Amino acid sequence: MKPAAKILRMLRDSETGVGGSELCEKVGISRAAIWAHMEALRQAGFEIIASPHRGYKLLKSPDKLLAEDLRSRLATDSIIGRNIIVIDSTTSTNDEMDCKARDAAPEGLVIFAETQTGGRGRMGRKWSSPIKKGLWLSVLLRPPLVADECTQITIAAAVALVISIKKINGVEPEIKWPNDILVNGKKISGILTEMSSEPDHVKYVIVGIGVNVNQSSDDIPEDIKTIATSLKMVSGKTVDRSQLATDILHELDNCYKKVVAGRFSEIGETWSGYCSTLGKRISIKTGSRTITGCAEALDETGALLVRTQHGRIERILGGDINLEK
Ligand code: BT5
């Protein structure tokens, strides 16, 4: 961990303040270097006071995603987030990540952007990503799976999202299969899982996550006003984006470790508890086919099992769902 991240972690862990000599000793740098880091953190928007008796105390963090700040809040053995990059603006964090993945970046890299000019959903749909209003991120994974099993990754991401979002007071998220998180029936978050694979193994998976955090109604584009919402709109409060970002990375790390350890069924169970699609009559467009039936369960690979009107079970790996009356 870099010195700035170590300093932030120590400040955050202490309620009373941390002395200069303790910082020097634990971070392993000089007093002058500590002072320079404190100045840089203040420049970045952190409110830090210094007193001769109590040492340094963190009062407030800025509403800005900073790689060192996010890193300092994650566990040291976390796979996801061991490297974090924050950029102000890009077309799509999934595209940024694709370049890094082709350049052999190790798994666990996370790229955040404060805004995206070409944020995308599935099948090239647009994803609205206004500046500093949400979390727009991509995570690089190199799982020991074959292509068909990668639905497990989307399921794991959905579980990580609902667990993190649920921590915000008064917010009750639900999952609409396969990749939507809804609150009060409106979309608050979406997942775009893309991969590069060979017949017998997956080279890499990019999990793109968009979460609407602090948009007010005016920040939601006209064409999606009836279907989209934000955490601020449903909770009535501004949400700390850095805290939410680290909660999501932490939960995703837990879920991903279970997938890799062959314990997907545990995630599947949690997922089923939050999924509003199960037990409903649905129709799914998958490629050129439309399948109608009852969404019964998730199987052990992460596919949705749908019982058609003819009593046959269809295994669905992806598609767009509509609830039937
Ligand atoms: C998704 O697609 O829900 C996946 C969204 C993934 C976005 C992340 S952001 C970071 C990473 N980089 C990217 O470029 N993408 C990922 P889909 O199920 O196809 O839903 C897309 C539809 O959701 C659009 O056609 C709109 O109707 C709606 N939509 C667009 N922006 C939205 C928003 N901010 N909140 C809620 N709904 C939105």
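Author: Two strands count as paired if DSSP finds at least two bridges between them. The model before us is a predicted one. In it, E7 and strand E8 (residues 186-198) pair in the antiparallel sense over 4 bridges. Within this pairing, valine 183 has lysine 186 of E8 as its bridge partner.

Reader: Which strand is joined to E7 by a hairpin, and through how many residues?

Author: The general idea is that strands of a sheet pair through backbone hydrogen bonds, either parallel or antiparallel. Here, a hairpin of 3 residues joins E6 to E7. E6 and strand E7 (residues 180-183) run antiparallel and are joined by 4 bridges. Isoleucine 175 stands opposite isoleucine 181 of E7.

Reader: What is the strand order of the open sheet of 7 strands?

Author: The order is E3-E4-E5-E9-E8-E7-E6, and the pairing is mixed. Strand E3 (83-90) and E6 stand at the edges; each has a single partner strand, so one side of each is left without a neighbour in the sheet. On average, neighbouring strands of this sheet are turned by 20° against each other, with direction ignored.

Reader: Which strands stand at the edges of the open sheet of 5 strands?

Author: That sheet has the order E13-E12-E11-E10-E14, with antiparallel pairing. Its edges are strand E13 (313-316) and strand E14 (320-323), and because each has a single partner strand, one side of each lacks a neighbour in the sheet. From one strand to the next, the twist averages 45°. Strand E10 (residues 281-286) pairs with E14 in the antiparallel sense over 4 bridges, and serine 283 has asparagine 322 in E14 as its bridge partner.

Reader: Is serine 129 buried or exposed?

Author: A residue is called buried when its relative accessible area is under 20%. Serine 129 has 6% relative accessibility and therefore counts as buried. This residue is found in the loop between strand E4 (109-116) and strand E5 (134-141). The side chain of serine 129 reaches the backbone oxygen of tryptophan 127 at 3.1 Å.

Reader: Finally, which residues come nearest to the ligand?

Author: There are 26 residues around the ligand, of which Ser92, Arg120, Arg125, Lys187 and Asn212 come nearest. A backbone N or O atom of arginine 120 lies 2.8 Å from a nitrogen atom of the ligand. A polar backbone atom of arginine 122 is 2.8 Å from an oxygen atom of the ligand. For arginine 125, a polar side-chain atom lies 2.6 Å from an oxygen atom of the ligand. The ligand on its own has 790 Å² of accessible area, and the protein covers 92% of it.

Note on methods. Residues numbered from 1 in each chain as written. Predicted model: local features only at pLDDT ≥ 70, side-chain atom pairs only at ≥ 80, totals over all residues. Heavy atoms only, no water. Helix = DSSP H or I, 4+ residues; strand = E, 2+ residues; numbered from the N terminus. Axes fitted to C-alpha atoms, helices over the stretch in contact; angles between N-to-C directions. Near = heavy atom within 4 Å. Polar contact = N/O pair within 3.5 Å; in protein donor to acceptor, adjacent residues only side chain to side chain. Areas by Shrake-Rupley, 256 points an atom, 1.4 Å probe, with all protein chains shown as cover. Buried < 20%, exposed > 50% of the residue type's maximum accessible area, 1.4 Å probe, protein only.
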